[in-house]
Amino acid sequence: MAAMRYRLTFVVGLAVGYVLGTKAGRERYEQLRKSARQVAQNPAVRNTAESAAQQGRHFADKAYTAVSDKVGDRMPDSVAQRVRSLRERNTNGSGADDWGTSNT
């Protein structure tokens, strides 16, 4: 009988702890989510992210040019064709790259 009471007390304590922990965890999660959304919508953060994306595209273009100049004709046609098609799609396309940033 005492063992059963111990088990019942343990299970009830476990259930209460789970419910209270879940509630506290959910509230903290919502708080973090709200904070992250506020940071992401901050104009300074958005401008910085866009500037970083532009700078990344600029350096990628420089790297592509440097590699193309050095590799030249030694690159297989299939690879060269694929790179050209990707570049054309991004310059003639919707103005957004695969990451969702604009090509401004």
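1. A salt bridge is a side-chain nitrogen of Lys or Arg lying within 4 Å of a carboxyl oxygen of Asp or Glu. The structure under review is a predicted model, and a search of the whole of it finds three salt bridges.

2. Arg 26, Glu 30 and Arg 33 are joined in a network of such bridges. Glu 30 pairs with Arg 26, with 2.9 Å between the closest N and O atoms. Glu 30 also pairs with Arg 33, where the closest N and O atoms are 3.7 Å apart.

3. The spacing along the chain deserves mention. Glu 30 and Arg 26 both belong to helix 1 and are four residues apart, about one turn of the helix. Arg 33 and Glu 30 likewise both lie in helix 1, at a separation of three residues, again about one turn.

4. The surface carries a nonpolar patch formed by Tyr 6, Phe 10, Val 11 and Leu 14, which together have about 470 Å² of accessible area. Of these residues, Tyr 6 is found in helix 1, which spans residues 2-41. Tyr 6 has a relative accessible area of 60%, so this residue is classed as exposed, the cut-off for that class being over 50%.

Terms used: Residues are numbered from 1 along each chain as its sequence is written. This is a predicted model: local features need pLDDT of at least 70, side-chain atom pairs count only at pLDDT 80 or more; totals for chains, interfaces and linings use all residues. Side-chain values use heavy atoms; hydrogens and water are left out. Patches are made of residues with over 30% relative accessible area and no salt bridge: like charges are joined within 9 Å, nonpolar side chains (Val, Leu, Ile, Met, Phe, Trp, Tyr) within 5 Å. Accessible areas come from the Shrake-Rupley method with a 1.4 Å probe; for residues, only the protein chains shown count as cover. Helices (H or I, at least four residues) and strands (E, at least two) are DSSP runs, numbered from the N terminus. Buried means under 20% relative accessible area, exposed over 50%, partly exposed in between (1.4 Å probe, protein chains only).
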